Amino acid sequence: MALDSETLAQLIGTMQRFVEERLIPAEPRVEAENAIPPEIVEEMRHLGLFGMSIPQEHGGLGLTMTEEVEIAFVLGRAAPAFRSLIGTNNGIGSQGIVIDGTPEQKAHWLPRLASGEMISSFALTEPDAGSDAASISLSARRDGDDYVLNGTKRFITNAPVASLFTVMARTEPDVKGAKGISAFLVEADTPGLTVGKPDRKMGQRGALTADVFFEDCRVPASAIIGGVPGRGFATAMKVLDRGRLHISAICAGAATRLLDDALAFALERKQFDQPIAEFQLIQAMLADSRTELYAGQSMVRDAARRRDGGESVSLEASCCKLFCSEMVGRVADRAVQIHGGAGYMADYAVERFYRDVRLFRIYEGTSQIQQLVIARNMIAGA
Ligand SMILES: Cc1cc2nc3c(=O)[nH]c(=O)nc-3n(C[C@H](O)[C@H](O)[C@H](O)COP(=O)(O)OP(=O)(O)OC[C@H]3O[C@@H](n4cnc5c(N)ncnc54)[C@H](O)[C@@H]3O)c2cc1C
């Protein structure tokens, strides 16, 4: 249900204050400690950020896509690690259950995910299955009323802190591709599930990823989302557009932050007896960035509005993900350039953001995979 405009404006205002007064000042600590401070996690819970996309009847805020992207524009201004912690609860972790879950699964899991009592992880990628996600091999063998999971998942965000995993596993070993895959809801303390050491990454410190190992991990058949095997991939596909639009809005949010920092620096820093913002070559970088940012914001708002209107936005969501993730990379690069040598120093946020935003072109479908989705949609519609 859409919020009235006054309530939405209040929510955006609250988020702006939270981001500027709490999240941005905490960024150096997150970078130094590689963790989000517990008091900030608690405040995120209190604000309802874990349940933005979860229907109100299940304890969430029940935001429409249009509303969610406005919040993500604001949240994206802070280090991406904060967003990462709530990403799966708002994405596949809850939406798979919202769309295809049984009434029991909805009643049991959604309020816990919405409140942030449980932090969730989505485990799809494997050592030998990345972009070709339908080729996963983690096996789920039926044994009476249970399934027994064996295999390894790789690069799983939130794995070291998650209490619930949505695990994509092959229930029908003889069925190749997407049709043999089921989505299981597995609690982190299930015997046979172990999490590896946190990965050492280029950026996004505070957002932890790790391998997840399944060794004879036994779960009841009722842990399959929707209760029917073989539909896991289809469930994940239904949630994909929402996730891609959310990430695109986060990219646009990061670009606003980078650009604000770059403009402030350009006005302050003097060379040749004048602020560097007076130089037309610096102005070109600012103007190109502002133009691309505006394009990205406009695309995301348009696609979100269409999705809320019931249109299929598979092509548009991929256009947004492709453009916005590449756009924020260019904006980050220019922001570092405008900062000169200071932009290469860890004391400035642009140095950190430059590393952090690189990931957006890789996960939730690489840029090349977005190009394939766009072109395939074009060909299919010709
Ligand atoms: C920090 C981080 C967090 C992540 N979090 C999660 C998570 O929470 N859950 C999860 O399941 N996964 C997660 N991933 C995994 C991520 O989704 C994959 O890394 C991504 O999908 C790419 O897969 P890959 O790394 O195996 O690369 P590959 O698929 O091996 O791709 C390598 C290169 O080949 C290109 N390529 C592949 N296929 C084609 C093609 N058909 N045409 C043209 N080019 C192609 C790719 O674009 C890329 O440039 C995360 C990854 C990272 C780095």
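By class, the shell around the ligand holds 8 nonpolar, 7 polar and 1 charged residues. Here Ala, Val, Leu, Ile, Met, Phe, Trp, Tyr, Cys and Pro count as nonpolar, Asp, Glu, Lys and Arg as charged, and the others, Gly among them, as polar. The model is predicted: local features need pLDDT of at least 70, side-chain atom pairs count only at pLDDT 80 or more, and totals for chains, interfaces and linings use all residues. Residues are numbered from 1 along each chain as its sequence is written, and side-chain values use heavy atoms, with hydrogens and water left out.

Start with the ligand. Around it stand 16 residues, and Phe122, Thr125, Ser131, Thr366 and Gln368 come nearest. A residue is near if one of its heavy atoms lies within 4 Å of the molecule. Next come the polar contacts (pairs of N or O atoms within 3.5 Å; within protein, one must be able to donate a hydrogen and the other to accept it, and residues adjacent in sequence count only if both atoms are side-chain atoms). Phenylalanine 122 places a polar backbone atom 2.7 Å from a ligand nitrogen atom. Threonine 157 uses a polar side-chain atom, 2.7 Å from a nitrogen atom of the ligand. Glutamine 368 has a polar side-chain atom 2.7 Å from a ligand oxygen atom. Taken alone, the ligand exposes 970 Å², and the protein buries 62% of that. These areas come from the Shrake-Rupley method with a 1.4 Å probe; for residues, only the protein chains shown count as cover.

Which elements give two or more residues to this shell? They are strand E3 (146-157) and helix H11 (367-380). E3 supplies the largest share, 3 residues. Helices (H or I, at least four residues) and strands (E, at least two) are DSSP runs, numbered from the N terminus.

Threonine 157 belongs to strand E3. Leaving aside neighbours within four places in sequence, threonine 157 is in contact (heavy atoms within 4.5 Å) with Ser84, Ser121, Leu208 and Thr209. Its C-alpha atom is separated by 15 Å from that of glycine 365, 208 residues apart along the chain.

Now turn to the helices. In H3, Met65, Glu68, Val69, Ala72, Phe73 and Leu75 meet Arg242, Leu245, His246, Ala249, Ile250, Ala252 and Gly253 in H7. By class, this contact has 9 nonpolar, 2 polar and 2 charged residues.

Finally, leucine 11 is found in helix H1 (residues 5-33). Not counting residues up to four places away in sequence, leucine 11 touches Leu3, Leu61, Leu63 and Ile71. Leucine 11 and glutamate 70 are 59 residues apart in sequence and 9.9 Å apart in space, C-alpha to C-alpha.
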